[in-house]
Amino acid sequence: MSSEPEPEIGSRIKEEVKPLPDTDLLASKEHISGLFTIIAAGFGLVSDGYQSSVMTMINVVFQTLYPVAYTSDVSTRVSNSLLIGAIIGQVFVGLVCDRIGRKAGLVFTTALIVLGTILATAAHGEGGSPAGLFWFLTFARGITGVGVGGEYPAASTSASEAANQASVQTRGPVFLMVTSFVLTLGGFLAVSVFLVVLSAAGTDHLQTVWRVCFGVGIVLPLAVFYFRLRMVHSKLYRDGAIKRRVPYMLVIKRYWWSLIGTCGSWFIFDFVSAPNGVFSGTIISSVIHDRSIKRTAEWQLLLGSMALPGILAGALLCNKMGRRNTMMLGFSGYLVFGLIIGLSYDKITKIVPLFVVFYGLMQSIAALGPGNMLGLVSAESYATPVRGTCYGLSAAIGKAGAAVGTQAFTPIQVNLGKKWTFIIAAICGISGVLTTFFFVPDMTGVDFSEEDAKFMEFLAENGWNGEVGDEDSKS
């Protein structure tokens, strides 16, 4: 009789230690993966910021090494190759991360950035031809651009969904810290690396300087490659993905107003910010009397660092003021500082520190507003099944604005004068305020799942009854 209780004790122990249900294991894995997704998005976008900014100082180096061959047309072509590639990447990878999966998009973009950067580092022209070198760089930077552009929808949608899953209230600030902040930090890192390499190699070895600066860009995407291979899709994506028979006409019918807002605002912002970023080294060099490469880089480093406080301020304000109001505040900075610099250009450029400070303030308040908010509102304004596609389209239209602005920058300087680049920035600031006010929705504090439910209800009301959910991720 004394042995009878033992089976009962044994059975109780078995019940107490029985394995967790698959749903609990998936939830635990999903939580850990969400954290790594947010972190990996940050590291990946540091790489994007680095790639987008590394040409700022390399443009100055090429003008020194090849004063005849590196004409303004060649400089624009090499700089624009990244932008054209980015447009392709944003549209294509936006579709991929909705139709195939966020992980597929992230792995694809990482591989392209590594490949393109390796080619740029090893670039040569036939027989040492400068023209051949710059065509090679155009091709290599184009490949890098496809990867850099694809990072925008892939990393941003993944990070926004992971942040939403963690906390709706902190989604905005967290998203901004792992996207806008690290993108700008990547630019700061690019100039810092350039200064270190230039100090180590010296101005007599500028060929080594630009190749090493490109080469450093290989390390950053490789650092997150493993984590991207291991990531798990968010619950929002697993439950809401539409991989077949995507009703794009209904998507346009529901979101056309928002698309005007996010696409239009991003075009205006990049039209001003991209050429001012790519050619800021050239602008600063032109107002430094001895045109020293090192001094130009030091001023460029200060200029880049001034955008960081603006991003931090935007992260603090985005919940309190709302996304739309914060964005309009930033666009108004173009109006104020663009007019101050443009109307006093001939006098203010004689005092280099004052010029750099005002130039930096203009970029800082722009970073606070549209530089911060455009990615956030583009992630928040659309339902999960089409978030990557709509985000990628908005960013691609923005990069088209960047390409147009970069192409127009030199002719504006030559034909109208350098001050007009800042006066036009002020005009764009007014356009940005109006576009934001009338077309950009403010989704502050709205859970993604709420918009997903409204979107699915809208599709049902319009007769769509396709498959919903990512069965591959669920299995």
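Which side chains meet in a salt bridge at 2.5 Å, N to O? Hello everyone; the pair is Glu 161 and Arg 102, where a salt bridge means a side-chain nitrogen of Lys or Arg within 4 Å of a carboxyl oxygen of Asp or Glu. The two lie 59 residues apart, Glu 161 in helix H5 (residues 130-166) and Arg 102 in helix H4 (residues 102-121); helices are DSSP runs of H or I, at least four residues, numbered from the N terminus.

A word on the source: this is a predicted model, where local features need pLDDT of at least 70, side-chain atom pairs count only at pLDDT 80 or more, and totals for chains, interfaces and linings use all residues. Residues are numbered from 1 along each chain as its sequence is written, and side-chain values use heavy atoms, leaving out hydrogens and water.

Back to our pair. Glu 161 is buried at 1% relative accessibility, and Arg 102 is buried with a relative accessible area of 1%; buried means under 20%, exposed over 50%, and partly exposed in between, with a 1.4 Å probe and protein chains only. Glu 161 also meets Arg 387 in a salt bridge (2.9 Å, N to O).

Now for a contrast in setting. Glu 467 and Arg 244 meet in a salt bridge at 3.4 Å, N to O, and the two sit in loops, 223 residues apart. Glu 467 is exposed, at 53% relative accessible area, and Arg 244 is exposed, at 54%. Returning to Glu 161, shared partners join Asp 98, Arg 102, Glu 161 and Arg 387 into one network. Thanks, everyone!
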